[in-house]
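Here is a short report on one protein chain. Look at the fold first, then at the charged side chains.

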Amino acid sequence: MSKGLLIVISGPSGVGKGTVRRYFENDERLKLAYSTSMTTRSPRNGEVDGREYFFTTKDKFEEAIKNGELLEYAQFVGNYYGTPAAEVERLRNEGKNVLLEIEVQGATQVQQKIEDAVTIFIIPPSMEELERRIRGRQTEAEEIIQQRLSKAEQEMKLMGQYKYIVCNEDPKLAADLIKTIILRHMELEENA
Ligand code: 5GP
């Protein structure tokens, strides 16, 4: 059995990464496992510890950095976010294709460590549409919305670092494109 792929999906906050993912994550051919990140941000309504994230304190997060427990980490709008390395390795060794949904600084770290990572950047149809989607979520204060929008502009400049760019005009179509990318990489891995 070959080791599973490491798949990195990034895209500006509000682009609809979660919605796109829901259209492909249950396709068994993709053999996906979803890595749960650690974060110091507070849970949003409905988010559950250990499901969306492992919610933790700044001290505990910095301890994990010091102990080298994270495959990558970054600060995003005032909070830490990071991927626990051991779980990713365990799942890949079981032949699962591990999916990371992370922002661009973290994706850059992953690309440096794991050259054959399959990296995908999701873009919105336009910046106006992105703003509409972020506001539609209605979970954040205006100040945070502004920070996320300006962060989105910076992130979009880095899309060239990724192997694939997928536009989320329609989530099902975006999901189908991502499925095609993953299935082809699985095929290449099998024939390697
Ligand atoms: P949110 O607060 O909206 O859940 O996430 C903010 C940003 O952090 C999103 O772009 C999300 O993809 C990213 N993110 C989530 N988990 C991680 C992680 O483990 N590492 C990094 N670098 N970014 C993450």
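Helices (H or I, at least four residues) and strands (E, at least two) are DSSP runs, numbered from the N terminus. Glu-189 is found in helix 7, residues 171-191. This is a predicted model: local features need pLDDT of at least 70, side-chain atom pairs count only at pLDDT 80 or more, and totals for chains, interfaces and linings use all residues. Residues are numbered from 1 along each chain as its sequence is written, and side-chain values use heavy atoms, with hydrogens and water left out.

The protein chain has seven helices and nine strands. Of its 192 residues, 47% count as buried. Buried means under 20% relative accessible area, exposed over 50%, and partly exposed in between (1.4 Å probe, protein chains only). Glu-189, at 32%, is partly exposed.

The structure holds 19 salt bridges. A salt bridge is a side-chain nitrogen of Lys or Arg within 4 Å of a carboxyl oxygen of Asp or Glu. Three of them are listed here.

| Salt bridge | N to O distance |
|---|---|
| Arg-44 and Glu-47 | 3.9 Å |
| Lys-58 and Glu-62 | 3.6 Å |
| Lys-96 and Glu-94 | 3.1 Å |

Arg-44 is partly exposed at 23%, whereas Glu-47 is buried at 18%. Which helix holds Lys-58 and Glu-62? They sit four residues apart in helix 2 (residues 58-66), so about one helical turn separates them. Lys-58 is exposed at 53%; Glu-62 is partly exposed at 28%. Lys-96 and Glu-94 also belong to a network of salt bridges with Glu-87 and Arg-90.
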